[in-house]
Amino acid sequence: MPQAGSDEPRAATPPGLVTERAAAPGRGGLGLRGRLAAMPGEARYVAVLAVLAAAAAVLLRHTVFPMLSVNNDEGIYLLYARTLAEGHLFPRAPQPAQSYVPWLGVVVDDHYVLKYTPFVPAIFALALLACGTVDPALAVVVGAAVAVTYHLGVELSGSRRVAALSATLLALSPLVLVQSAMVLSYLPVLVLLQGCVLGVLRGRRRARVRPVVFAGLALGVAAAVRPYDVVLLLAPLAVWLVVTSPGRRWWLLRWLACGLAVPIIITLLTNLAATGSALRLPFALLEPDDRLGFGRRKLYPDDGWHHFGLGDGLRSVGDHLWLLGGWACGGVVLAVAAITAAARRRLTGPAAMLGLGGLVFLLGYIGFWGAWNAAELWGGIRYVGPFYLVPVLIPLVHLGGSGCVSGGAALLAWRRRVGLGLLGSVVAAVVGLTSVILTGAVRDNLALTGNDQALSAMLNRLPGRPLVFVAASPKYLGHPTPVVANGPDLDGRVLYAVARGVDDLTVLADHPDRPAYLLRLAQAYDRSPRSPSTARVERLASRSGDQVPVTITVGANATSARTRSARLVLTAGTRSLSVPVDPWAATTLTLRVDGNGLDPADVAVAARARSATGAGAGRLPGRVTTRTVPAGRGTSVTVALRATDRGGHESTVDQQILPVLRGTAGRGTAVRPVAVLGSLGQAAEVGTGARPPLRLTLAAAGRGGGAVSGR
């Protein structure tokens with residue numbers, strides 16, 4: 001059935017064939033200027049649009065995301081790209097390996113295995129090799145996204161006008177604009193998915209091998225990067241192709257398989273190198289419980305359990321769809337237009353199957369806990385868009401664009417003046433909503449970037465070639481901020497290491513020429529533009545002796561107003577001390593670290609400010625208690641401030657590790673000396689909001705104190 005508003009004739013040839021032939025008369029004998037002149041007006045418009053989208057990606061990269069984004073996975077892709085550009089498959093892992101582990105990395109032998117496959121990082125590695133920056137890769141990816149949307153639109157609808165509208169809707173979507181400036185896989189996979197569909201449909205229609213082989217190549221790479229997305233979105237189209245291609249079914253499968261061969265071989269070989277099994281993806285190496293389905297889930301080994309159920313999945317998809325209504329250019333309007341076009345049977349078979357694939361995609365994501373994590377636990381989709389739904393943009397812009405053109409034509413044919421008024425109102429509403437979403441996204445991300453820029457400037461002002469131990473949870477570099485990340489060679493001016501405990505003393509000894517510092521970040525640092533952004537740097541030194549005194553300070557009003565009681569929990573090995581503290585008064589304790597482990601006598605009150613009632617200055621609100629815990633055999637001391645609310649629920653407010661190494665007792669004595677890596681005091685601070693309430697500093701050496709080594 002001819003589509004209303006189509007600008008192409010509908011003959012017996014399949015949709016798009018007349019369009020493509022008419023687009024290039026005499027192309028073989030024309031130069032570049034002649035070819036441009038022979039291009040349809042819509043194609044020239046889309047070419048300009050692709051160039052503008054590429055320029056916007058680079059501009060946003062340097063203005064809004066110069067320090068990477070709040071999505072810390074960017075750091076993984078960038079580290080992988082830099083590693084590949086240096087000629088290595090994996091970043092090296094010097095000892096102690098856990099002290100330098102990047103975000104979501106796993107130590108395997110003498111290297112780190114990152115969570116993702118190398119295909120998308122390879123795109124950015126090529127740009128690094130060619131130009132020393134990822135900017136060209138960002139520009140090419142988003143430009144290709146606009147161009148392939150246009151060509152697929154022509155193939156699906158047979159109308160260049162509809163195809164140009166679909167490309168415009170994609171290019172102007174805030175989700176695409178924001179993602180185009182980020183070193184992630186979502187936009188490259190969108191290009192691959194559309195390239196796969198375009199190649200299959202064009203090769204099937206023209207009986208040409210090359211497009212089908214290209215489709216297989218694109219399919220294989222996309223499946224290696226995001227296999228779940230590929231299966232969900234393309235399954236209905238694959239079934240349709242099998243059913244409607246009885247004479248060419250095996251021909252399509254054969255040439256698709258030829259294109260699939262290369263990415264499959266690369267995937268198997270990299271899997272084997274990364275995990276020891278050709279059939280096991282690196283994604284599964286980090287945490288087995290990070291998988292599809294409902295139940296208890298974890299993102300990394302030290303993560304707490306998250307109970308993910310059907311209600312959580314429904315709420316997650318609902319939140320993503322709600323955001324997509326604004327983050328897609330005219331999202332709600334496009335959805336209504338797509339449904340209307342489907343109801344009026346104005347869609348070709350492949351277009352209808354893509355629409356069905358979009359619905360299957362949404363249903364499948366109900367059982368994907370990562371989307372729930374992004375929407376509910378982390379909440380980053382509010383600032384960088386519902387990125388898990390980037391593939392849904394494919395059916396949305398194509399079906400929605402087709403529905404808008406046919407519906408608009410029908411409306412104008414019915415009553416032109418009324419139709420123009422309604423269409424103008426709809427366009428104004430779409431432009432207004434898109435502008436509001438994009439403006440808000442830029443504002444929020446500029447705030448987050450500003451925090452990281454202040455942090456980076458503070459660290460870059462440290463003298464010499466500093467060694468910075470990062471006290472963060474979880475214990476990975478590159479989280480919660482991309483500032484605290486090393487390059488693949490671990491030889492930057494600032495070297496970062498995870499603050500882990502006794503291994504810190506080993507790292508310090510390995511870098512005697514670097515002055516050592518401790519970086520402490522506020523809880524929930526940069527989780528949102530309104531989260532605390534305080535970052536504190538403390539100078540570190542090592543002290544050794546039979547007994548090393550350490551001052552523990554708890555700031556006033558360190559807990560929330562709903563706190564009923566608070567305590568310090570000191571843990572070393574299998575011994576734990578519980579020290580009650582006033583939740584609202586500043587308290588200073590002295591901990592005498594020795595080689596005999598924790599004991600209540602090791603804790604003494606140094607000073608305590610009066611509470612609001614003015615009572616109890618100079619003493620603790622309770623006695624120090626001790627108990628045995630299954631904490632392990634470590635010698636470092638973990639100091640945690642824990643608060644109990646009025647409902648009886650206890651949570652950790654702040655936590656810090658004091659690296660302690662026990663020596664061997666000398667001849668004729670039972671005393672075991674200790675070495676402690678501690679703070680000499682604050683060196684610098686930036687940011688706003690709540691500060692980490694705990695401070696652990698080396699006290700003045702008293703009896704039994706030893707030498708101090710400043711690094």
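Modeller: A term comes first. A crossing of two helices is right-handed if the near helix is turned clockwise from the far one by less than a right angle, and left-handed if anticlockwise. Now the ground rules. This is a predicted model, in which local features need pLDDT of at least 70, side-chain atom pairs count only at pLDDT 80 or more, and totals for chains, interfaces and linings use all residues. Residues are numbered from 1 along each chain as its sequence is written, and side-chain values use heavy atoms, with hydrogens and water left out.

The helix to look at is α3, residues 41–63. Helices (H or I, at least four residues) and strands (E, at least two) are DSSP runs, numbered from the N terminus. The expected span of a helix is 1.5 Å times one less than its number of residues. With 23 residues, α3 should therefore span 33 Å, and its end C-alpha atoms are 33 Å apart, which agrees.

Next, which residues of α3 are buried? They are A43, V46, L49, A50, A53, A54, A57, L60 and R61. Buried means under 20% relative accessible area, exposed over 50%, and partly exposed in between, with a 1.4 Å probe and protein chains only. The cover over these buried residues includes α4, α6, α7 and α8. Contact means heavy atoms within 4.5 Å.

Two packed helices are described by the angle between their axes and the distance between the axes. The axes of α3 and α6 come within 8 Å and cross at roughly 150°. Axes are lines fitted to C-alpha atoms, for helices over the stretch in contact, and angles run from 0 to 180 degrees between N-to-C directions. Angles under 35 degrees count as roughly parallel, over 145 as roughly antiparallel, 65 to 115 as roughly perpendicular and the rest as oblique. So α3 and α6 are roughly antiparallel to each other. Their crossing is right-handed. On the α3 side, the residues that meet α6 include V46, A50, A57 and R61. On the α6 side, they include L138, V142, V146 and Y150.

Now step back to the whole chain. It has 21 helices and 20 strands. Its C-alpha atoms fill a box of roughly 100 × 55 × 45 Å, taken along the principal axes. Of its 711 residues, 54% are buried. Among contacts with a separation of 6 or more, 73% join residues 24 or more positions apart.

The largest nonpolar core has 153 residues, and L234, L393 and F469 touch the most other members. Such a core is a set of buried Ala, Val, Leu, Ile, Met, Phe, Trp, Tyr and Cys residues joined through side-chain atoms within 4.5 Å. A second, separate core of 32 residues includes A566, A572, V653 and L694.

Last, the backbone. Most residues other than glycine have a negative phi, and most peptide bonds are trans. The bond from Q95 to P96 is cis, with omega near -10°. P96 is found in the loop between α4 and β1. The bond from S473 to P474 is also cis, with omega near 5°. R345 has a positive phi, near 60°, and is exposed, at 71% relative accessible area. D526 also has phi near 60°, but is buried, at 5%.
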